[in-house]
Amino acid sequence: MAPTDRFVAETTFYVRYAETDAMGIVHHASYVVYFEEGRSHYARVRGADYALFESTGHYLAVSEVHARYRQPARYGQRLTVRCWIEELRSRSITFAYEIVDADTKVVYVTGHSKHICINDAGQVTAIPVDWRTRLEG
């Protein structure tokens, strides 16, 4: 369940046909894309657009993704991705997610992704303080 003690960004969309299998059920890999949309939306809302972050020579490389599938979503369904920061450290960040039916609020998938900050040379580096401040709010 999304926390109530921190900022949670929400974005809603319809499941597209290309994201489903032959039975019209959302393919499991599509949820990783939904996670990405959730964290991109989170960053934009917090004034930390990821494209701007990359323009500073920093990147958030995915080091871990976890998804727990509770029930299948289907083509044409409206889903809401809820995203929040679970943990923010000097060189890493963990985002958590909850994907729910936009109308009934039934939970379909929960998960998290861990990211490590790297520079243009691929070396692990600290997340710039101004960006950490923007993400935390």
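Residue F35 is located in helix α1 of a model that is predicted. The relative accessibility of F35 is 1%, and because buried means under 20%, this residue counts as buried. Leaving aside neighbours within four places in sequence, the contacts of F35 include V65, H66 and A67. Further contacts of F35, under that same exclusion, are Y97, I99, V109, T110, G111 and H112. The C-alpha atoms of F35 and V81 are 7.3 Å apart in space, although 46 residues separate the two in sequence.

The protein chain that holds this helix contains three helices and five strands. Their order along the sequence is β-α-α-β-β-β-β-α. The radius of gyration of the chain is 15 Å, close to the 14 Å given by the globule rule for 137 residues, so the chain is as compact as a globular protein of that length. Along the principal axes, the C-alpha atoms fill a box of roughly 45 × 30 × 20 Å.

Among the contacts in the protein chain with a separation of 6 or more, 66% are between residues 24 or more positions apart.

Burial was then considered for the chain as a whole. Of its 137 residues, 41% count as buried. The largest nonpolar core is made up of 27 residues, and those with the most contacts inside it are Y34 and I99. At least two residues of this core are supplied by each of β1 (9–14), α1 (30–45), β3 (78–88), β4 (92–101), β5 (107–119) and α3 (129–136). Helix α1 gives the largest share, five residues.

When neighbours within four places in sequence are left aside, Y34 is in contact with F13, V15, E19, V26, L79, V81 and I99.

The surface and the charges complete the description. The protein chain exposes about 7,600 Å², of which carbon and sulfur atoms supply 50%. Its side chains include 16 positive and 17 negative ones. The centres of these two sets of charges lie 3 Å apart.

How values were computed:
Residues are numbered from 1 along each chain as its sequence is written. This is a predicted model: local features need pLDDT of at least 70, side-chain atom pairs count only at pLDDT 80 or more; totals for chains, interfaces and linings use all residues. Side-chain values use heavy atoms; hydrogens and water are left out. Helices (H or I, at least four residues) and strands (E, at least two) are DSSP runs, numbered from the N terminus. The radius of gyration is taken over C-alpha atoms; the globule rule is 2.2 Å times the number of residues to the power 0.38. Buried means under 20% relative accessible area, exposed over 50%, partly exposed in between (1.4 Å probe, protein chains only). Contact means heavy atoms within 4.5 Å. Accessible areas come from the Shrake-Rupley method with a 1.4 Å probe; for residues, only the protein chains shown count as cover. Lys and Arg count as positive and Asp and Glu as negative; His and the chain ends are not counted. The place of a charge is taken as NZ of Lys, CZ of Arg, CG of Asp or CD of Glu. A nonpolar core is a set of buried Ala, Val, Leu, Ile, Met, Phe, Trp, Tyr and Cys residues joined through side-chain atoms within 4.5 Å.
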